[in-house]
Amino acid sequence: MKYSLLSITFLCITVLSLCANLIASEELNSDSRTRISFNDNWQFARFGPMPDGSTRPEPGTDTVVYAFEVKASTTEDDNVAQLAFDDDKNTRWCASGGSTPQWLSVDLGKAHSLASINIIWEKESNYCYKVSGSNNNSKWTTLVDLTDNKSSEQAQKHKVNGQYRFLKIDISKVKDGAWASIFEVQIFDTAGNQIKNTATVIKAENTKLYDTDFDDSRWRTLDLPHDWGVEGPFRMDLEGNTGKLPWMGIGWYRKTFDVDMADRDKRFLIEFDGAMSYAKIWVNGDYVGTWPYGYSSFAFDITDFVKTGQENVIAVRLDNPPQSSRWYPGGGIYRNVWLTKTEGIHISHWGTYVTTPEISDDKAIVNAQITLENNSSKDQNITIGNLIVLEKSQPNENISGTDKILLKAGQKQTINCKIEVQNPKLWDIDNPVMYDLLTFVKIDDKIIDSYETSFGIRTIKFDVDKGFFLNGRRVQLKGVCMHHDLGPLGSAVNTRALERQIEILKDFGVNAIRTSHNPPTPELPMLCDKMGVLLIVEAFDCWERGKRANDYQKIFEDWHIKDISNMVLRDRNHPSVIMWSIGNEVPDQGTGQRGRDIAQSFTDTIHRLDPTRPTTVGCNHTGAGFSGFQKTVDIFGYNYKPGTYEKFYKENPTIPLYGSETASCISSRGEYFFPVEQNKGKGFFNYQVSSYDLYAPGWAYKPDIEFAAQDKYKFSSGEFVWTGFDYLGEPTPFNNDSTNLLNFASESEKKAFQAKMEAMGGKSPSRSSYFGIVDLCGFKKDRFYIYQAHWRPELPMAHILPHWNWPDRIGEITPVHVYTSGDEAELFVNGKSMGRKKKEQYEYRITWDEIKYQPGIVHVIAYKNGKTWAQDIVATTEVPAKISLDVDRSIINADGNDLAFVTVEIKDKNNLTVPRSDNLVKFEIEGPGQIVAVGNGDATSHEPFQASQRKAYNGMALVIIKSYKGKIGTITLTAKSDGLSTAKVKIATK
C-alpha cells in the first residue's frame with residue numbers, strides 16, 4: 001500500500017480531463033492527505049546494559065547496587081543471578097533452559113577464609129554439580145565434587161576449606177525437563193559469620209524522559225532507521241546465537257516537530273513499520289500506547305495529543321530484554337516511521353482490500369473493500385470514486401461508478417466497489433505487472449481524501465497432486481528462507497540493500513522467499529511485487545510455549561491476534577504474497593488439542609481478514625503431519641523431512657505439501673578441508689566449515705538430497721532452503737544453542753548433537769551463520785552454483801571447486817567437484833583429461849575424487865545433449881600484487897538513503913583473485929558520500945562493521961557507501977594496502 005501525494009495529484013489532474021463524469025467540477029485538494037517521512041533528526045540515548053559491558057541506570061528508576069558481582073551462564077528475565085545471593089529464600093536464580101552446562105559465579109571482592117557453603121535448590125532433584133574456588137578467576141580449585149550426585153535434597157550443605165575470592169557452581173546435569181534453579185547460596189567464614197551480599201538502593205532523580213521540558217541536547221542526534229546493536233563492539237562474552245553484539249538494553253528516542261495552526265482540524269497518525277522492542281510512545285508528555293512485538297507494524301492516532309501552532313515532542317522508549325531472541329534481532333527504531341495527516345473523514349489506515357475474483361483474457365473483475373471513518377462531530381453524506389491505472393502509466397477506462405453513503409459521526413463503515421478491467425495484464429514472476437487503485441472521497445464537489453493501493457491481477461492454486469500453480473501454470477517454488485538483518489548494515493532497513501539481496505537471489509534461480517520467522521519490513525513485499533518474487537509472510541517463531549525465556553511466549557496471550565491481524569491487513573494487497581505462515585517449529589505442534597486449537601484460531605482469523613490466500617506452518621516434528629495438527633492449516637510445510645513426503649501424501653490426500661525449510665547445509669566461503677569426507681558431521685576446522693557442500697548439522701543434509709526428493713515427488717510445491725544469505729547470529733555448529741535440539745525427536749539424537757555443540761561451542765568467536773548460499777556480504781559461496789545449475793537449467797554454466805592454491809598439498813588427493821546445468825563434463829588438469837563423466841538421475845554434481853594436486857590450471861568443459869554447453873577454469877595464482885574495486889552501480893541517488901556496494905578483491909599480477917589472501921585494506925573517501933559499513937563474510941571476525949578498513953577474507957572484502965541527502969557530485973573511494981598497488985573507484989550521485 002503506497003501513499004504518494006504527488007503521484008496521486010498528477011493522476012487526478014489527468015483524470016479530470018478524461019473522467020469528467022467522475023469528478024466533474026470538483027476542486028482537487030492537494031492537502032487532503034499527506035504522508036511524510038518522520039525519520040529525520042531524532043535524539044537518542046541508551047540505558048541499562050551498555051556496549052562496553054557496563055550498566056547505565058535509566059533516569060527515573062531506582063538502582064540497586066550489590067556488593068558482590070554475580071554472573072551466570074544464562075538467566076531468566078525476572079530470576080537474575082543476583083537473586084541467588086540476596087539472602088531472600090523467596091527469590092531465585094533460574095537458568096533460561098535445560099541445556100547444560102549451566103553455571104553461577106560470585107566475586108566476593110576479596111579473599112575470605114571459608115568454612116561452609118549451603119546451596120538451597122528450588123526443587124528436590126539430584127542436581128549434579130561441583131563448587132570451585134579461585135583467587136584470580138582463572139586457576140580453580142575444586143571444593144565440592146558432586147558430579148555424580150545421588151542426593152535429591154533441596155538444601156545441600158558442604159564443608160569447605162581455604163581462602164578464596166571467587167566461587168563458581170558448575171551444574172553438569174539436571175533432571176530431564178528441569179532447569180538449573182537456586183533459591184539461595186549461603187557462604188560462611190571460619191568464624192561462623194555469613195558473608196552477605198549487601199545491597200544499596202540509589203534513589204532516582206524525579207526525571208521523566210518523555211516530558212516536553214526534558215533537556216535531551218546532550219543526547220546523540222541521528223536519523224532513522226537505526227540499529228543500536230550493530231554499532232558494536234563484538235564481544236566474546238556475548239552470545240554467538242545473537243551475534244555477539246550488544247543489542248540488549250533500553251533505548252530512548254525523542255523528536256520535536258511543529259504543527260501549523262492551519263491543521264487544527266486535521267487528524268494525525270504516527271506509523272511505525274517496526275521498533276525493537278516493547279515500544280512505548282508519548283506525545284507532549286502524554287502516554288499514547290505500546291506495541292511490544294518488534295517485528296509488527298503499528299500505528300497510533302495522536303490527534304488528541306498534538307498541539308497546533310507550537311512545538312511538539314514525541315518520545316519513544318524501547319526495551320530489549322535478554323533471552324528474547326535466538327538470532328540477532330537488532331535494537332532500536334530499525335524501520336521507517338511516518339506521519340500521516342488527513343481530514344476528519346478519511347479512509348482508514350490499511351483501509352483498502354483489493355481482490356480479483358474473476359479473471360479471463362478479456363476482463364478481470366476487481367473488488368475493492370474500502371473502510372472509511374468519520375472522526376468529525378456530525379454525520380456526513382460522502383461520495384466515493386475509484387479509478388484503476390496501470391502503475392506508472394496513464395489512466396485507462398477502468399473506472400467504477402461513484403458510491404454515495406451517509407457516514408455517521410464517530411463510526412467506521414466498509415463499502416464494496418466492483419470495477420471491470422478490460423484485457424488485464426497478469427502479474428507473474430516473469431512479468432510482474434502492477435496496477436494502482438486510486439480511491440477518492442468527496443463531500444459535495446471537493447475531494448477530501450485520496451488513497452493509492454498497488455495490486456496485481458493473478459491467480460494462485462495449490463493442487464494436492466501437482467503442486468503450485470500461478471495463473472494456471474505449474475511453478476515449482478524455488479525458495480529460500482531469509483532473516484531480516486542486512487549483514488554489515490544490521491537490522492536497520494534499507495531499500496537498496498534489500499533490492500540487492502533479491503537481485504543476487506534471483507541470479508541463482510530463486511523465485512520465492514519465506515520471511516523467517518517474523519513479519520518483514522513493508523519494503524520487502526513491495527520489492528517482491530516489483531521484481532517478480534513469491535512470498536510467504538510468516539508471523540512467529542513460537543506461540544504459547546517459548547524457546548527462550550523472554551521470547552514471544554511472554555506476550556502471546558494478549559498480543560497474538562493483534563499481531564497476526566496487523567500482518568495480514570498490511571500485506572494482503574500484495575500479489576507476491578501467496579501464503580500466510582502462522583509459525584515456525586512451534587513447540588505447540590506437539591501439545592495435542594491445545595496446540596491444534598491455537599493453530600485453528602490463527603487460520604480462522606486469517607481467513608476472515610483474507611479468504612483469498614491459504615495458511616501454512618513450518619513443522620519440524622514428523623508427528624505433526626499425522627496428529628491432526630496438519631488439518632489446522634491449508635498447506636502443510638515440513639522442515640527437514642524429505643523422507644516423510646511420500647507417507648504424508650498417502651495419508652493426507654486432501655492437504656498440499658511443500659518443504660518449508662530444507663537442507664541447512666553449512667559452509668564458509670573459500671574454505672576447504674582435507675581429507676574430503678562424506679560424513680556430514682565432518683568438515684569443521686578452526687571455526688570454519690569446508691565449502692565442499694557436504695556438511696550439515698545432525699538434522700540437516702546437503703542440497704542434493706532435497707533436490708532428489710523434489711524431483712521424485714511432483715506433488716510437492718517446492719522447497720525453501722535454509723538460508724539464502726548468511727545472517728547475524730546462530731553460528732551453528734560453533735555455538736551452544738539449546739533451541740537447536742528442538743529439531744530432534746529422539747533423545748539419543750539430542751544428546752549426541754548436544755555433546756557435539758558443547759565440544760565445538762564454548763569460547764567460539766563465531767558470530768554469524770554458515771547456512772547461507774551466499775555469505776554475509778552477498779558474495780557467492782560454491783553452493784550458489786549448485787542451486788543455479790539445478791534451478792536455472794536453461795542457463796549455460798559450469799563451476800569448479802576448490803580453488804587451486806595448495807602449495808602444501810603437492811601430490812596429495814585434492815577432490816574436484818563440478819556444478820553444471822549440463823548433463824556431462826570432462827575435466828582437464830594442466831591439459832590432461834581426467835575423464836568425461838555423466839550425471840545420472842538424482843545426481844546434481846560431477847566429482848573427480850582422486851585428483852592429485854599439482855600447480856597449474858584446472859579446466860572443465862560441460863556438455864548438454866552431446867554439445868558443448870559451458871566451461872570454467874581455475875588456476876594457481878601468483879602472490880598478491882594489487883587491489884581491485886568493483887562497484888555494483890556507478891550512479892546512485894543523492895537522497896541520503898541510496899547505497900553503492902563496492903567489492904574489494906586482492907589480485908595477483910595476472911589479475912586473478914588470490915584465494916587465501918587476508919591483506920588489511922584501508923579506505924579513504926572523498927565527495928558527497930560516506931562509508932556506512934565494511935565486511936568480508938568471515939563469520940569469526942570481530943572487526944567492527946563501522947570502520948574505514950577491513951582485512952580481506954579469502955581474497956575479498958566489501959565497502960558500503962551511502963549518499964548524502966541533496967548533495968550531487970562524484971564520490972571517490974581509494975583503497976590502499978601495504979605492498980599492493982592502490983585502487984580507486986568513482987560513483988556519481990544524482
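Begin by selecting strand 43 (residues 816-820) together with strand 46 (residues 846-848), which run antiparallel and are joined by three bridges; strands here are DSSP runs of E with at least two residues, helices are runs of H or I with at least four, both numbered from the N terminus, and two strands pair if DSSP finds at least two bridges between them. The model is a predicted one, in which local features need pLDDT of at least 70 and side-chain atom pairs count only at pLDDT 80 or more, while totals for chains, interfaces and linings use all residues. Residues are numbered from 1 along each chain as its sequence is written, and side-chain values use heavy atoms, with hydrogens and water left out.

Within this pair, Val 818 stands opposite Ile 846 in strand 46. Colour strand 43 by accessibility next: five of its five residues are buried, so the strand is largely enclosed by the rest of the structure, where buried means under 20% relative accessible area, exposed over 50% and partly exposed in between, with a 1.4 Å probe and protein chains only. Val 816, Val 818 and Thr 820 lie on one side and His 817 and Tyr 819 on the other, and both faces are covered.

Now select helix 10 (residues 783-791), which is mostly covered, with eight of its nine residues buried; among them are Phe 784, Tyr 785, Tyr 787 and Trp 791.

Move on to strand 57 (residues 983-989), where Ala 983, Val 985, Ile 987 and Thr 989 make up a covered face and Lys 984, Lys 986 and Ala 988 an uncovered one. Strand 56 (residues 969-976) is joined to strand 57 by seven bridges and the two run antiparallel, whereas strand 50 (residues 891-892) is joined to strand 57 by two bridges and runs parallel to it. In the hairpin of strand 56 and strand 57, six residues lie between the strands, and Gly 979 takes a positive phi near 85°.

The next stop is an open sheet of three strands in the order 21-22-26, with antiparallel pairing. Strand 21 (345-359) and strand 26 (412-422) stand at the edges with a single partner strand each, so one side of each is left without a neighbour in the sheet. Neighbouring strands of this sheet are turned by 20° against each other on average, direction ignored, as given by axes that are lines fitted to C-alpha atoms, for helices over the stretch in contact, with angles running from 0 to 180 degrees between N-to-C directions. Strand 21 pairs with strand 22 (residues 363-374) in the antiparallel sense over nine bridges, and Glu 358 can be picked out opposite Ile 365 in strand 22.

Select helix 5 (residues 556-571) and check its length: at 1.5 Å a residue its 16 residues should span 22 Å, and the end C-alpha atoms are 21 Å apart, which agrees; the expected span is 1.5 Å times one less than the number of residues. Its buried residues include Phe 556, Trp 559, Asp 563, Met 567 and Arg 570.

A cavity is a set of points on a 1 Å grid over the protein atoms alone where a 1.4 Å probe fits but cannot get out, and lining residues have an atom within 4 Å of a point; grid points are joined across faces, edges and corners, and a volume is the space filled by probe spheres set on the points. The count comes to ten cavities of 30 Å³ or more.

The largest cavity holds about 320 Å³ of space and is lined by 24 residues, with Tyr 293, Tyr 295, Ser 324, Asp 551 and Tyr 552 nearest its centre. The second largest cavity has a volume of about 220 Å³ and is lined by 20 residues, with His 483, His 484, Leu 498, Thr 521 and Leu 524 nearest its centre. Helix 3 (495-507) and strand 33 (512-515) each supply at least two residues of this second lining, and helix 3 gives the largest share, four residues.

Finish at Trp 121 in strand 7 (residues 102-121), which is buried with a relative accessible area of 0%.

Conventions. 1 Å grid on protein atoms, 1.4 Å probe; cavity = no way out; pocket = protein on both sides within 12 Å on 5 of 7 lines; lining within 4 Å.
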